[in-house]
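Work through the exercises below with the sequence and the 3D structure at hand. Each task is followed by a worked solution.

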Amino acid sequence: MTIAVRAESITKTFNGSQKALDQVNLSVNHGEVLVVMGPSGSGKSTLIRTFNGLEAIDAGQLEIVGIPLDTDQDERQIRRIRRRVGMVFQQFNLFPHLSILDNITLAPIRVRKINKANAEERAHGLLAQMGIADQALKYPSELSGGQQQRVAIARALAMDPELMLFDEPTSALDPERVKEVLDAMRRLAADGMTMIVVTHELGFAREVADRVLFMDAGRVVELTDSSTFFTQAKEERSRRFLNQMAH
Amino acid sequence: MTGSRTAYRKRLLQARRHPLQTLLSLVILAVIAWVIWSTATWLFFGAKWSVVTENLPLFAVGSYPENERWRPCLWLGLLCLMTAITLLQPLVSVRWRISGLALSWCWLAMLPIGLLLLAGGAGLQTVSSRDWGGLTLTVLLTCFSGLLALPLGILLALGRRSKLTLPRHLCRLYIDGMRAVPLIAVLFFGQLLLPLFLPVGIEINRVLRAVVAFALFAAAYIAEDVRGGLQAIPGTQLEAAAALGLGPWQIQQLVVLPQALRVAVPALTNQAIGLLQNTSLMAILGLVELLGISRSLLANPAYIGRHLETYIWLAGLYWLVCTAMALMARQLERQGPSASTSAIPS
């Protein structure tokens, strides 16, 4: 089985002192779903943002989909990685001046140089897969949060990524909209997509994740099978977190 | 009806209670009525509009050769037509509507067409730019310097936000420097000093020098307006674009600038209108644009003392062009999704 992400003792420091990532080691296989959990400020988002070069690391070694990423960030290497790694943000970050269709086809046309007709055909297919086929010609501001997030997923998928990063994809949604986004992600996982998901959704993690990474203060506290994590977490810190989340 | 009548009665009662206020209101009303009356009588009976009516071609095209006048007139006509088409877009049915892109290209095409019609060539008799004038020259100066200033301003704005130190400082120096100099000084430099510095024999067209001077000046102000628009775009938009693998130029061109320029449209409209008004400064430097032609007309003994008529007519013309520009800009603002509905989650 090939490796999608390998991180070797990566470290990231903000403002000179505060350690957002402290000697993190991790390896994620292709086809695997990894859920990253932890209290806020534990470095979960920072961790997955280093995987597509949105955050630079201060020390350590990264290898994403086979491309090495060092502390000195080479723009070209980063762009090669970004072409093959999709990302979904907490705040959707759709482009408000473009229609849904143009949001999805922008990168395939401009980055992968796919012709417009093919890109649009693929976009319609992805929208159908996300259950929002009839929204193609609308603008982001006309859609609900859940619909916008599903467009964001479709936009990332349009680049045919090998790895999908989700940065708290449901945290900005109304509770009744969370399910539609999680369902779309479930289907994606079932199709065999490699996914790294930062989330607080315990149900999703229990059901979909192969492994769970629990972080606190920039360190890996526990990295284990999801069934093990939810039934018999080794560390006291993880158990305390799970307890708090359950109430 | 009864409602308004009771309200009227109430006012009357109040008038009895406050005689001083009532008196004041009446006096003010009388003054307003007198001003309107005297203005109207002067406009319709007192004023001698012959200075305007007899010289309409001069106001339109200046001292352009008489048998070639149809060329600038055709251009002005085309511009009026384009303005009418643009302004009527929201009123006509969807079937007859022209796409925004096609409309923009038509507007852009107006510039080379205008230049060709005015200067001649390609079968048309060439006319020296010395003979250009009137409204045509005013519009020409505005259009060309605006078209030149906009990309320059955008580049300056991008440069000012660049991560590289040298371009950032150079752009800042240029913008601050240009804004510290009055426009008339820049125009003087272009019209009177520049020819002195150039070697003998090399002469740059006066209109071109004016256009370049206006463009260089306006670019500094446009840069600041665009920078304001750029600052309104949240960093998360750049992150989302970068995460898709777009390069730095693509991010600016496809994601940031389209949004930033839409935010900047009201401020840019301001600049465009300011530019139109500022072209009148060229009258001092000897170009016979709208104000210049009026001044030379007033120097004609036949029209001595017709200042008021001429300047009211001029004000009306400037007002008309500015209003058309403002209306079109407002239409531009309304196109597409409104800028306020950015990436903020619902």
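The exercises cover strand pairing, an open sheet and a chain contact.

This is a predicted model, in which local features need pLDDT of at least 70 and side-chain atom pairs count only at pLDDT 80 or more, while totals for chains, interfaces and linings use all residues. Residues are numbered from 1 along each chain as its sequence is written, and chains are lettered from A and ligands numbered from 1 in the order in which they are written.

**Exercise 1.** Trace the pairing of strand 1 of chain A with strand 2 of chain A.

Solution. Strands (E, at least two residues) and helices (H or I, at least four) are DSSP runs, numbered from the N terminus. Two strands pair if DSSP finds at least two bridges between them.
- Step 1: strand 2 (residues 18-29) of chain A is joined to strand 1 by eight bridges, in the antiparallel sense.
- Step 2: opposite A:Lys12 stands A:Leu21 of strand 2.
- Step 3: the two strands make a hairpin with three residues between them. A:Asn15, in the turn, has a positive phi of about 50°.

**Exercise 2.** Find the partners of strand 4 (residues 59-64) of chain A in strand 1 and in strand 5.

Solution.
- Step 1: five antiparallel bridges link strand 4 of chain A to strand 1 (residues 3-14) of chain A. A:Ile64 is the bridge partner of A:Val5, and A:Leu62 that of A:Ala7.
- Step 2: strand 5 (residues 67-69) of chain A pairs with strand 4 in the antiparallel sense over three bridges. Here A:Leu62 stands opposite A:Leu69.
- Step 3: strands 4 and 5 of chain A form a hairpin with two residues between them. In its turn, A:Val65 has a positive phi of about 40°.

**Exercise 3.** Which strands stand at the edges of the six-stranded open sheet of chain A?

Solution.
- Step 1: the strand order is 6-7-8-3-9-10, with mixed pairing.
- Step 2: strand 6 (85-88) and strand 10 (219-225) of chain A are at the edges; each has a single partner strand, so one side of each lacks a neighbour in the sheet.
- Step 3: strand 6 of chain A runs parallel to strand 7 (residues 163-167) of chain A, with four bridges between them. A:Val88 has A:Phe166 as its bridge partner.

**Exercise 4.** Describe the side of chain B that touches chain A.

Solution. Residues are in contact if their C-beta atoms, placed from the backbone, lie within 7 Å.
- Step 1: the contact takes 24 residues from chain A and 23 residues from chain B.
- Step 2: on chain B, helix 11 (235-243) and helix 12 (248-278) each supply at least two residues.

Conventions
Contact = placed C-beta atoms within 7 Å.
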